[in-house]
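I opened the notebook to look up ring contacts, charges over rings and a surface patch. The entries follow in the order I made them.

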Amino acid sequence: MKFSRRRVPIVLFGTALAAAAVIPGAVPSAVAATNLVANPGFEKGTTCWTTFKAGGGSAKFTWARGSHGKKAFQATVRGGGNAERAAVQTPKCAVKAKPGKRFSLGVTYKNTGKAAFVLFRKDSAKGWVRWDTSPYIPVSRTFRKVTYRTNVVPEGTTAIRWGISQFGAGTLVTDDYRAYNGPNTGQGTCTDGTGCAKGRWAVRSINTPERAIHSVLLRNGKVLLIAGSGSNAANFKAFNKGTFKTYVFDPVKNTFKKVYTPVDLFCAGHVQLSDGKVLVVGGTLTYPTYDQKQAEIPNTGFRGLNASYLFNPSTNRYEKITSKMKDGHWYASATQLGNGDVFAAGGNSATLSKEISPDVEYYSAKQKKWLRPAQS
């Protein structure tokens, strides 16, 4: 029996090959064991399944012998380097999803060409849109299992559909589709059997609202993204008019919270203290000036600020340190010492008479001020 070629309306976005994780093997036993895929091994033929088609080339959809049964889905593509062919769930049989959650998706497959997980999500405002594409899975001449852990489900998502797609020429056979809830990124009991014990690398693509120059993983799991003027002279000229930017990224909710930024913290130094606050040292006092030929005038390059701030992740606010550093520092190095204090040095000076600041700065975490002279 051949698969129906009925096309399902899907809005296709770009296919960026950035994803959470593709892991050989089955889903760890620590993940909840309820398979959310209807008719996962094609026991009921094409029930709950349809074909996905994109790009050029020609394709043939047929049945093949499965990994342990009589039926598996086979897609054979000839020509068309940008071709994509897959079996995906029908909208009626889509997996329900909640924002902030993740899924572990699995399949048994064998292939002779490039293949990857393709995901679609139902957006409450836009309908079905393309969500993500995994890195290519390994080529395998015999059946093998592979697991894909998704990114966090975006806001506005009510359901997902997915499949394994053949990319370009080759033959792909898939069987025994699996979808499980988790492991989630929220706090609570860890459900990733291997990852909980040994850790696991993951790659994720996000669209940030501003060009972040500095990023710090905060103690609450959120990420501090500091842009300041963002290497944009126009933003710098609009000093004190709200053009300096900082955001706090929540990877669970996939949201960005804008934070008031008092000075240009572009090219500052930073270090996270033992109490979870982030000490931000220096920043930009001046941008380079240019003559009519757009050549930088000597000794008028970036100059450093002598101000410093503590970012408090509990309030998402900058707290000004009233004492000044001895000199300004543009791209200073800051290192926390064993007693919790901070050693800071280097970076462009605040004055035109010297290039790199010769002054060493010492911050007392207990007194919350810079000490004069620098001492240990």
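**Aromatic pairs.** I searched the whole structure and found 21 aromatic pairs. I paired rings of Phe, Tyr and Trp (its six-membered ring) if their centres lie within 6.5 Å; planes under 30 degrees apart count as stacked, over 60 as edge-to-face and the rest as tilted. I looked up phenylalanine 42 with tyrosine 177: this pair is edge-to-face, at 5.9 Å centre to centre and 85° between the planes. The pair links distant parts of the chain, 135 residues apart. Phenylalanine 42 is in the loop between strand 1 (21-24) and strand 2 (49-54), and tyrosine 177 is in strand 12 (residues 170-181). Strands here are DSSP runs (E, at least two residues), numbered from the N terminus. Phenylalanine 42 and tyrosine 177 are both buried. Buried means under 20% relative accessible area, exposed over 50%, partly exposed in between (1.4 Å probe, protein chains only).

Next I took tryptophan 162 with tyrosine 177, a tilted pair: 5.3 Å centre to centre, 50° between the planes. Tryptophan 162 is in strand 11 (residues 157-167), 15 residues from tyrosine 177 in strand 12. Tryptophan 162 is buried, as is tyrosine 177. I then listed one aromatic cluster: Phe42, Trp49, Trp63, Phe117, Tyr148, Trp162 and Tyr177.

**Basis.** I note that this is a predicted model: local features need pLDDT of at least 70, side-chain atom pairs count only at pLDDT 80 or more, and totals for chains, interfaces and linings use all residues. Residues are numbered from 1 along each chain as its sequence is written, and side-chain values use heavy atoms, with hydrogens and water left out.

**Charges over rings.** I counted a charge over a ring if NZ of Lys or CZ of Arg is within 6 Å of the ring centre and within 35 degrees of the ring normal. Lysine 71 lies over the face of tryptophan 63, 5.0 Å from the ring centre. For arginine 161, the charged end sits over the ring of tryptophan 128, at 4.8 Å from its centre.

**Glutamate 84.** I found glutamate 84 in strand 5 (residues 84-89). Its relative accessibility is 8%, so glutamate 84 counts as buried.

**Leucine 337.** I placed leucine 337 in the loop between strand 23 (333-336) and strand 24 (342-345).

Definitions and conventions. Helices (H or I, at least four residues) and strands (E, at least two) are DSSP runs, numbered from the N terminus.
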